[in-house]
Every structure is written in structure tokens, then in C-alpha cells.
Amino acid sequence: MRILKAQPEDLGIILALQYRAFRSEARLLGNERIPPLMQTLKDLEKEYREGIVLKAVDEVGVIIGSVRAREKGDTLHIAKLMVLPERQGRGIGTQLLVAVEKACPKPRYELFTSNVSLKNLKLYEGLGYVRFKEEEMTPELKFVYMEKKAKVFA
């Protein structure tokens, strides 16, 4: 597997991957109208122009995962980390997250997930992210905001 910067011609494939990858999250949340499933190609093209989009490709060049990020001040906001459902649980998401941090070094990294996305929470906490805020959407559902501060060596 290789991780590369996505190209404009990859965006349609990445959007199709996004729709597949986020269906399980939609089921978990009991809502098929979550933002990743409502996003259009035009929305993704805007994100591409304003930030960075990485892709994970397998040995024959098939896109099997992706992550996006954009810089704002001293923070890299990481979003839409995804892996094909049949390829999840093999470390691809971990490698994508580490790769986007290396591609855009910042003093602080931020992302969010839901409180019911236990696999996501475990992944992020295992990579050094800590919870700093929760936002209640419904009594059962909260967005959990997590951050990671870059290590500074003197």
C-alpha cells in the first residue's frame, strides 16, 4: 500500500468510497442523512482546493482509503478519514492519519467523531489524541472533539 496526494481526477472515486465507508457510521447513528453521505463532488472539489486530500492505494493502484485536512492558524483540522469497508481493521486508517500529520506539520491537530463511534475513538486515542470538548446533538448523541499537540524538541 502507498499513500499519495490525491489528484483532481481521483475525486469522483474518493467520493464513491466516502459513500461506502460512511454508511456504517450512518447506521450507527440511525441517520442516513449525515453530512459525508450528503456531500457532492462540487463540495469535495472545494475541499481539495482549500486543503489537502491524501489517498491510500493498494498494490494495483485501487484507492482503498482517503483523508482530508485543512490548515487554520496553528491547527490542522483533519476530516473524513475513510477506508473501504472490506479493508478496515488493517491499519490503513492509522497510516493515513499519520501521513496527513507528516504532510502538514502543525503545533496542533484536531478532529471529531461521535460518542457512539467507539472504533474511531479507540483509533484516535491510540494515536495520542485527547478529548477536549463534547457537543450534544441529541440526548444520546454527542460530537467528541479531540486534539493532539505536536511534540516540540528543544
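In the predicted model described here, a hairpin of 5 residues connects strand E6 to strand E7, and these two strands pair in the antiparallel sense over 6 bridges. Strands are taken as DSSP runs of E with at least two residues and helices as runs of H or I with at least four, both numbered from the N terminus, and two strands are regarded as paired if DSSP finds at least two bridges between them. Within this pairing, Glu135 stands opposite Phe143 in E7. The model being a predicted one, local features require pLDDT of at least 70 and side-chain atom pairs count only at pLDDT 80 or more, whereas totals for chains, interfaces and linings use all residues. Residues are numbered from 1 along each chain as its sequence is written, and side-chain values use heavy atoms, with hydrogens and water left out.

Strand E3 (residues 63-72) and strand E4 (residues 75-83) run antiparallel and are joined by 7 bridges. Among the paired positions, Arg70 has His77 in E4 as its bridge partner, and Ser66 is partnered by Met82 of E4. The hairpin of E3 and E4 has 2 residues between the strands, and Gly73 in this hairpin takes a positive phi near 60°. Towards E5, by contrast, the pairing of E4 is parallel and comprises 3 bridges. Here Thr75 stands opposite Arg108 in E5, and Leu76 stands opposite Tyr109 in E5.

Lys80, which is found in strand E4, is itself buried, with a relative accessible area of 19%, and has a positive phi of about 50° although it is not a glycine. In E5, 6 of the 7 residues are buried. Phe112, also located in strand E5, counts as partly exposed at 44% relative accessibility. When residues up to four places away in sequence are not counted, Phe112 touches Phe143, Val144 and Tyr145, where contact means heavy atoms within 4.5 Å. The C-alpha atoms of Phe112 and Arg20 are 20 Å apart in space, the two residues being 92 residues apart in sequence.

Gly93 lies in helix H5 and is buried, with a relative accessible area of 12%. Leaving aside neighbours within four places in sequence, Gly93 is in contact with Leu81 and Val83, and the C-alpha atoms of Gly93 and Met82, 11 residues apart along the chain, are separated by 6.7 Å.

Helix H1 (residues 11-21) and helix H4 (residues 41-50) pack at an angle of about 115°, their axes lying 10 Å apart. The two helices are therefore roughly perpendicular to each other, on a scale where angles under 35 degrees count as roughly parallel, over 145 as roughly antiparallel, 65 to 115 as roughly perpendicular and the rest as oblique. The contact brings Leu11, Gly12, Ile14 and Leu15 of H1 together with Leu41, Leu44, Glu45 and Tyr48 of H4. These residues divide into 6 nonpolar, 1 polar and 1 charged, with Ala, Val, Leu, Ile, Met, Phe, Trp, Tyr, Cys and Pro counted as nonpolar, Asp, Glu, Lys and Arg as charged, and the others, Gly among them, as polar.

How values were computed: Axes fitted to C-alpha atoms, helices over the stretch in contact; angles between N-to-C directions. Buried < 20%, exposed > 50% of the residue type's maximum accessible area, 1.4 Å probe, protein only.
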